[in-house]
Amino acid sequence: MPVKGPKGVVVHPIVLLSAVDHFNRMGKVGNQKRVVGVLLGSRRKGGIVDVATSFAVPFDEDERDVNVWFLDHNYLENMAAMYKKVNAREKVVGWYHTGPKLHPNDIAVHERLSQYCQSPVLVVIDVSLREQGLPTDVYYAVEEVRDDGTPASKSFEHVPSEIGAEEAEEVGVEHLLRDIQDKTVGTLAQRISNQLLSLEGLRTHLEGVRDYLNLVAIGDLPKNHVILYQLQDIFNLLPNLNLQQFSKSFAIKSNDQLLIVYLASLIRAIVALHHLIQNKISNHEAEKQDGHKKEKDAKKEDKKDDKKDDKKDSSDKDKKEKESGKDKTKSTDK
(Lines give C-alpha, C1' and ligand atoms only; values in the text may rest on other atoms or scores of the structure.)
Protein backbone atom coordinates (compact mmCIF):
# COMPACT_ATOMS: atom_id res chain seq x y z
CA MET A 1 0.00 0.00 0.00
CA PRO A 2 1.59 3.28 -1.01
CA VAL A 3 2.38 5.80 1.69
CA LYS A 4 0.61 9.14 1.43
CA GLY A 5 2.56 12.35 1.18
CA PRO A 6 3.66 13.88 4.48
CA LYS A 7 1.75 16.78 6.01
CA GLY A 8 4.80 18.23 7.68
CA VAL A 9 8.52 17.65 8.25
CA VAL A 10 10.54 18.35 11.39
CA VAL A 11 14.27 18.80 10.77
CA HIS A 12 16.68 18.53 13.70
CA PRO A 13 19.66 20.91 14.07
CA ILE A 14 22.16 18.04 13.80
CA VAL A 15 21.01 17.54 10.19
CA LEU A 16 21.74 21.17 9.33
CA LEU A 17 25.15 21.05 11.01
CA SER A 18 26.03 17.82 9.20
CA ALA A 19 25.01 19.28 5.82
CA VAL A 20 27.04 22.46 6.39
CA ASP A 21 30.07 20.42 7.45
CA HIS A 22 29.68 18.18 4.38
CA PHE A 23 29.47 21.19 2.08
CA ASN A 24 32.52 22.88 3.62
CA ARG A 25 34.63 19.71 3.45
CA MET A 26 33.78 19.08 -0.19
CA GLY A 27 34.39 22.74 -1.02
CA LYS A 28 37.99 22.39 0.14
CA VAL A 29 38.56 19.24 -1.93
CA GLY A 30 36.82 20.14 -5.21
CA ASN A 31 34.55 22.70 -6.77
CA GLN A 32 31.20 20.99 -6.30
CA LYS A 33 28.31 23.43 -6.20
CA ARG A 34 26.14 21.11 -4.12
CA VAL A 35 26.42 17.96 -2.02
CA VAL A 36 23.96 15.14 -1.41
CA GLY A 37 23.17 13.07 1.66
CA VAL A 38 20.59 10.66 3.06
CA LEU A 39 18.10 11.53 5.81
CA LEU A 40 17.28 9.15 8.65
CA GLY A 41 14.34 9.39 11.00
CA SER A 42 10.84 8.14 11.61
CA ARG A 43 7.23 8.83 10.65
CA ARG A 44 4.88 10.02 13.36
CA LYS A 45 1.13 9.84 13.53
CA GLY A 46 -0.63 12.50 11.53
CA GLY A 47 1.74 12.33 8.57
CA ILE A 48 4.68 14.09 10.25
CA VAL A 49 8.18 13.03 9.20
CA ASP A 50 10.80 13.49 11.93
CA VAL A 51 14.31 13.84 10.41
CA ALA A 52 16.69 13.05 13.27
CA THR A 53 20.08 12.57 11.58
CA SER A 54 21.79 12.21 8.23
CA PHE A 55 24.95 11.04 6.52
CA ALA A 56 26.78 12.17 3.39
CA VAL A 57 26.79 10.16 0.16
CA PRO A 58 29.32 10.44 -2.70
CA PHE A 59 27.62 12.29 -5.53
CA ASP A 60 28.76 13.88 -8.77
CA GLU A 61 27.03 15.35 -11.81
CA ASP A 62 27.78 16.90 -15.14
CA GLU A 63 26.85 20.56 -15.25
CA ARG A 64 26.49 20.50 -19.04
CA ASP A 65 24.20 17.43 -19.18
CA VAL A 66 21.57 17.06 -16.45
CA ASN A 67 21.04 13.39 -17.33
CA VAL A 68 24.61 12.50 -16.35
CA TRP A 69 25.00 12.04 -12.62
CA PHE A 70 26.43 9.49 -10.18
CA LEU A 71 25.19 8.35 -6.77
CA ASP A 72 27.16 5.70 -4.88
CA HIS A 73 24.31 3.41 -3.87
CA ASN A 74 26.70 0.75 -2.50
CA TYR A 75 28.05 3.27 0.01
CA LEU A 76 24.47 4.28 0.81
CA GLU A 77 23.42 0.71 1.55
CA ASN A 78 26.45 0.03 3.76
CA MET A 79 25.98 3.22 5.78
CA ALA A 80 22.23 2.59 6.17
CA ALA A 81 22.96 -0.92 7.44
CA MET A 82 25.46 0.39 10.02
CA TYR A 83 23.05 3.06 11.24
CA LYS A 84 20.36 0.40 11.55
CA LYS A 85 22.63 -1.59 13.89
CA VAL A 86 23.09 1.48 16.09
CA ASN A 87 19.44 2.60 16.12
CA ALA A 88 16.87 0.41 14.40
CA ARG A 89 14.10 2.98 14.85
CA GLU A 90 15.77 5.45 12.52
CA LYS A 91 15.14 4.48 8.93
CA VAL A 92 15.76 6.14 5.59
CA VAL A 93 13.07 8.79 5.10
CA GLY A 94 14.55 10.83 2.25
CA TRP A 95 17.57 12.77 1.07
CA TYR A 96 18.95 16.29 1.03
CA HIS A 97 21.08 18.49 -1.16
CA THR A 98 22.49 21.99 -0.76
CA GLY A 99 20.67 23.49 -3.77
CA PRO A 100 19.91 26.21 -2.84
CA LYS A 101 17.07 25.54 -5.32
CA LEU A 102 15.67 22.51 -7.12
CA HIS A 103 17.71 21.03 -9.98
CA PRO A 104 16.41 19.43 -13.19
CA ASN A 105 17.78 16.00 -12.28
CA ASP A 106 16.27 15.95 -8.77
CA ILE A 107 13.34 13.84 -9.98
CA ALA A 108 15.72 11.14 -11.28
CA VAL A 109 17.71 11.10 -8.03
CA HIS A 110 14.44 11.02 -6.10
CA GLU A 111 13.34 7.95 -8.07
CA ARG A 112 16.60 6.21 -7.13
CA LEU A 113 16.02 6.98 -3.42
CA SER A 114 12.50 5.55 -3.72
CA GLN A 115 14.11 2.11 -3.84
CA TYR A 116 15.14 2.46 -0.16
CA CYS A 117 11.95 3.99 1.29
CA GLN A 118 8.39 4.72 0.25
CA SER A 119 7.46 8.33 -0.45
CA PRO A 120 10.84 9.86 0.41
CA VAL A 121 11.13 13.57 1.17
CA LEU A 122 13.64 15.97 -0.34
CA VAL A 123 15.08 18.67 1.94
CA VAL A 124 16.84 21.50 0.11
CA ILE A 125 19.23 23.14 2.59
CA ASP A 126 20.53 26.63 1.94
CA VAL A 127 23.96 26.50 3.60
CA SER A 128 24.73 30.16 2.80
CA LEU A 129 21.31 31.45 3.95
CA ARG A 130 21.04 34.20 1.36
CA GLU A 131 17.50 35.08 2.49
CA GLN A 132 16.05 35.50 5.95
CA GLY A 133 13.91 32.66 7.24
CA LEU A 134 14.24 28.91 7.55
CA PRO A 135 17.20 27.41 5.66
CA THR A 136 15.14 24.39 4.56
CA ASP A 137 12.61 23.74 1.81
CA VAL A 138 10.93 20.32 1.83
CA TYR A 139 9.32 18.57 -1.14
CA TYR A 140 7.85 15.20 -2.04
CA ALA A 141 7.09 13.73 -5.45
CA VAL A 142 3.55 13.53 -6.84
CA GLU A 143 2.28 12.14 -10.14
CA GLU A 144 0.62 14.57 -12.51
CA VAL A 145 -2.06 12.92 -14.63
CA ARG A 146 -2.75 14.88 -17.79
CA ASP A 147 -6.03 15.07 -19.62
CA ASP A 148 -4.51 14.81 -23.10
CA GLY A 149 -3.58 11.16 -22.60
CA THR A 150 0.17 11.69 -22.37
CA PRO A 151 2.09 9.59 -19.84
CA ALA A 152 1.96 10.79 -16.26
CA SER A 153 5.00 12.66 -15.03
CA LYS A 154 6.23 13.40 -11.54
CA SER A 155 6.83 16.79 -10.03
CA PHE A 156 7.66 18.13 -6.58
CA GLU A 157 5.10 19.52 -4.20
CA HIS A 158 6.09 21.74 -1.28
CA VAL A 159 5.62 20.50 2.30
CA PRO A 160 5.58 22.69 5.44
CA SER A 161 8.73 22.29 7.52
CA GLU A 162 10.06 23.41 10.87
CA ILE A 163 13.21 23.11 12.95
CA GLY A 164 12.72 20.96 16.05
CA ALA A 165 15.12 19.65 18.66
CA GLU A 166 15.17 17.50 21.74
CA GLU A 167 16.46 18.77 25.08
CA ALA A 168 20.00 17.45 24.58
CA GLU A 169 20.19 19.04 21.12
CA GLU A 170 18.91 22.37 22.46
CA VAL A 171 21.70 22.42 25.05
CA GLY A 172 24.31 21.74 22.36
CA VAL A 173 22.92 24.45 20.09
CA GLU A 174 22.91 26.95 22.97
CA HIS A 175 26.58 26.23 23.64
CA LEU A 176 27.39 26.74 19.95
CA LEU A 177 25.50 30.03 19.91
CA ARG A 178 27.40 31.20 22.99
CA ASP A 179 30.66 30.67 21.13
CA ILE A 180 29.37 32.37 17.98
CA GLN A 181 27.62 35.37 19.52
CA ASP A 182 29.58 38.47 20.46
CA LYS A 183 29.72 38.58 24.27
CA THR A 184 30.40 42.31 24.26
CA VAL A 185 26.93 42.98 22.82
CA GLY A 186 24.17 43.33 25.39
CA THR A 187 20.96 41.36 25.54
CA LEU A 188 18.92 44.40 24.45
CA ALA A 189 20.94 44.71 21.24
CA GLN A 190 20.48 40.99 20.59
CA ARG A 191 16.72 41.26 21.07
CA ILE A 192 16.52 44.22 18.72
CA SER A 193 18.62 42.41 16.09
CA ASN A 194 16.38 39.34 16.39
CA GLN A 195 13.29 41.48 15.91
CA LEU A 196 14.86 43.12 12.88
CA LEU A 197 15.60 39.71 11.39
CA SER A 198 12.01 38.62 12.04
CA LEU A 199 10.64 41.75 10.39
CA GLU A 200 12.95 41.19 7.42
CA GLY A 201 11.63 37.64 7.05
CA LEU A 202 8.05 38.90 7.30
CA ARG A 203 8.77 41.48 4.60
CA THR A 204 10.12 38.82 2.22
CA HIS A 205 7.01 36.66 2.77
CA LEU A 206 4.71 39.63 2.15
CA GLU A 207 6.60 40.42 -1.03
CA GLY A 208 6.12 36.82 -2.15
CA VAL A 209 2.37 37.08 -1.49
CA ARG A 210 2.24 40.36 -3.42
CA ASP A 211 4.09 38.90 -6.39
CA TYR A 212 1.83 35.84 -6.41
CA LEU A 213 -1.35 37.96 -6.35
CA ASN A 214 0.00 40.18 -9.14
CA LEU A 215 0.73 37.14 -11.30
CA VAL A 216 -2.75 35.75 -10.63
CA ALA A 217 -4.34 39.10 -11.45
CA ILE A 218 -2.39 39.34 -14.71
CA GLY A 219 -3.28 35.78 -15.65
CA ASP A 220 0.20 34.27 -15.66
CA LEU A 221 -0.74 31.88 -12.84
CA PRO A 222 -4.03 30.00 -12.37
CA LYS A 223 -6.21 30.71 -9.36
CA ASN A 224 -5.57 28.42 -6.42
CA HIS A 225 -8.61 28.68 -4.17
CA VAL A 226 -6.85 27.03 -1.22
CA ILE A 227 -4.15 29.72 -1.21
CA LEU A 228 -6.74 32.48 -1.67
CA TYR A 229 -8.81 31.15 1.24
CA GLN A 230 -5.70 31.09 3.47
CA LEU A 231 -4.85 34.66 2.48
CA GLN A 232 -8.42 35.69 3.26
CA ASP A 233 -8.10 34.09 6.71
CA ILE A 234 -4.89 36.06 7.27
CA PHE A 235 -6.59 39.32 6.28
CA ASN A 236 -9.54 38.54 8.55
CA LEU A 237 -7.19 38.08 11.52
CA LEU A 238 -5.74 41.56 11.06
CA PRO A 239 -7.05 44.00 13.72
CA ASN A 240 -9.32 46.89 12.79
CA LEU A 241 -7.26 49.96 13.67
CA ASN A 242 -10.19 52.36 13.17
CA LEU A 243 -12.08 51.21 16.27
CA GLN A 244 -12.06 53.68 19.17
CA GLN A 245 -11.74 50.90 21.73
CA PHE A 246 -8.62 49.54 20.04
CA SER A 247 -7.05 53.00 19.89
CA LYS A 248 -7.84 53.59 23.56
CA SER A 249 -6.43 50.24 24.71
CA PHE A 250 -3.34 50.73 22.54
CA ALA A 251 -2.80 54.21 24.04
CA ILE A 252 -3.19 52.84 27.59
CA LYS A 253 -0.73 50.04 26.89
CA SER A 254 1.77 52.47 25.36
CA ASN A 255 1.42 54.88 28.30
CA ASP A 256 1.98 52.06 30.79
CA GLN A 257 5.15 51.00 28.99
CA LEU A 258 6.38 54.59 28.74
CA LEU A 259 5.66 55.06 32.46
CA ILE A 260 7.84 52.05 33.23
CA VAL A 261 10.61 53.48 31.07
CA TYR A 262 10.25 56.88 32.79
CA LEU A 263 10.38 55.34 36.27
CA ALA A 264 13.39 53.26 35.30
CA SER A 265 15.18 56.40 34.06
CA LEU A 266 14.37 58.23 37.32
CA ILE A 267 15.60 55.33 39.44
CA ARG A 268 18.75 55.11 37.38
CA ALA A 269 19.37 58.85 37.82
CA ILE A 270 18.75 58.65 41.58
CA VAL A 271 21.08 55.71 41.96
CA ALA A 272 23.74 57.55 39.95
CA LEU A 273 23.39 60.63 42.17
CA HIS A 274 23.58 58.44 45.27
CA HIS A 275 26.82 56.87 44.03
CA LEU A 276 28.19 60.33 43.20
CA ILE A 277 27.42 61.65 46.70
CA GLN A 278 28.92 58.54 48.28
CA ASN A 279 32.09 59.02 46.24
CA LYS A 280 32.27 62.68 47.30
CA ILE A 281 31.85 61.75 50.97
CA SER A 282 34.41 58.97 50.79
CA ASN A 283 36.90 61.27 49.01
CA HIS A 284 36.35 63.99 51.63
CA GLU A 285 36.92 61.53 54.48
CA ALA A 286 40.02 60.23 52.77
CA GLU A 287 41.34 63.79 52.43
CA LYS A 288 40.64 64.41 56.12
CA GLN A 289 42.49 61.27 57.11
CA ASP A 290 45.41 62.27 54.91
CA GLY A 291 45.41 65.75 56.55
CA HIS A 292 45.44 64.25 60.04
CA LYS A 293 48.28 61.95 59.10
CA LYS A 294 50.28 64.85 57.69
CA GLU A 295 49.70 66.90 60.88
CA LYS A 296 50.81 63.99 63.05
CA ASP A 297 53.86 63.47 60.89
CA ALA A 298 54.67 67.21 61.07
CA LYS A 299 54.33 67.19 64.88
CA LYS A 300 56.59 64.16 65.13
CA GLU A 301 59.18 65.87 62.94
CA ASP A 302 58.94 69.05 65.07
CA LYS A 303 59.49 66.98 68.21
CA LYS A 304 62.48 65.30 66.64
CA ASP A 305 63.90 68.69 65.64
CA ASP A 306 63.38 70.00 69.19
CA LYS A 307 65.14 66.98 70.64
CA LYS A 308 68.02 67.49 68.24
CA ASP A 309 68.25 71.19 69.20
CA ASP A 310 68.23 70.27 72.91
CA LYS A 311 70.98 67.76 72.33
CA LYS A 312 73.02 70.37 70.45
CA ASP A 313 72.52 72.94 73.21
CA SER A 314 73.54 70.45 75.87
CA SER A 315 76.59 69.41 73.87
CA ASP A 316 77.57 73.10 73.40
CA LYS A 317 77.24 73.71 77.14
CA ASP A 318 79.39 70.70 77.86
CA LYS A 319 82.02 71.95 75.44
CA LYS A 320 81.97 75.42 76.97
CA GLU A 321 82.23 73.98 80.46
CA LYS A 322 85.15 71.81 79.40
CA GLU A 323 86.86 74.77 77.76
CA SER A 324 86.32 76.94 80.85
CA GLY A 325 87.68 74.14 83.02
CA LYS A 326 90.79 73.91 80.89
CA ASP A 327 91.30 77.69 81.10
CA LYS A 328 91.07 77.55 84.87
CA THR A 329 93.64 74.76 85.11
CA LYS A 330 95.98 76.73 82.86
CA SER A 331 95.68 79.83 85.04
CA THR A 332 96.37 77.86 88.19
CA ASP A 333 99.46 76.32 86.62
CA LYS A 334 100.85 79.73 85.83
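**Close-up 1. Arg 203 and Glu 200 in helix α5.** Arg 203 and Glu 200 both belong to helix α5 (residues 187-218), where three residues, about one turn of the helix, separate them; helices here are DSSP runs of H or I with at least four residues, numbered from the N terminus. In this predicted model, local features need pLDDT of at least 70 and side-chain atom pairs count only at pLDDT 80 or more, whereas totals for chains, interfaces and linings use all residues. Residues are numbered from 1 along each chain as its sequence is written, and side-chain values use heavy atoms, with hydrogens and water left out. The two residues form a salt bridge in which the closest N and O atoms are 2.3 Å apart, the term standing for a side-chain nitrogen of Lys or Arg within 4 Å of a carboxyl oxygen of Asp or Glu. Arg 203 is partly exposed at 39% relative accessibility, and Glu 200 is partly exposed at 31% (buried means under 20% relative accessible area, exposed over 50%, and partly exposed in between, with a 1.4 Å probe and protein chains only).

**Close-up 2. Further salt bridges.** The structure holds nine salt bridges, and one of them joins Asp 62 to Arg 64, with 3.8 Å between the closest N and O atoms. Asp 62 is partly exposed, its relative accessible area being 26%, whereas Arg 64 counts as exposed at 82%. Arg 210 forms a salt bridge with Asp 211, the closest N and O atoms lying 3.4 Å apart; Arg 210 is partly exposed at 47% relative accessibility, and Asp 211 is partly exposed at 38%.

Close-up 3. Among the four aromatic pairs that the structure holds, the one formed by Phe 246 and Phe 250 is stacked, with 6.3 Å centre to centre and 15° between the planes. Rings of Phe, Tyr and Trp (its six-membered ring) pair if their centres lie within 6.5 Å, and planes under 30 degrees apart count as stacked, over 60 as edge-to-face and the rest as tilted. Both residues lie in helix α7 (residues 244-333), four residues apart, which is about one turn of the helix. Phe 246 counts as partly exposed at 30% relative accessibility, while Phe 250 is exposed, with a relative accessible area of 54%.

Note on methods: Helix = DSSP H or I, 4+ residues; strand = E, 2+ residues; numbered from the N terminus.
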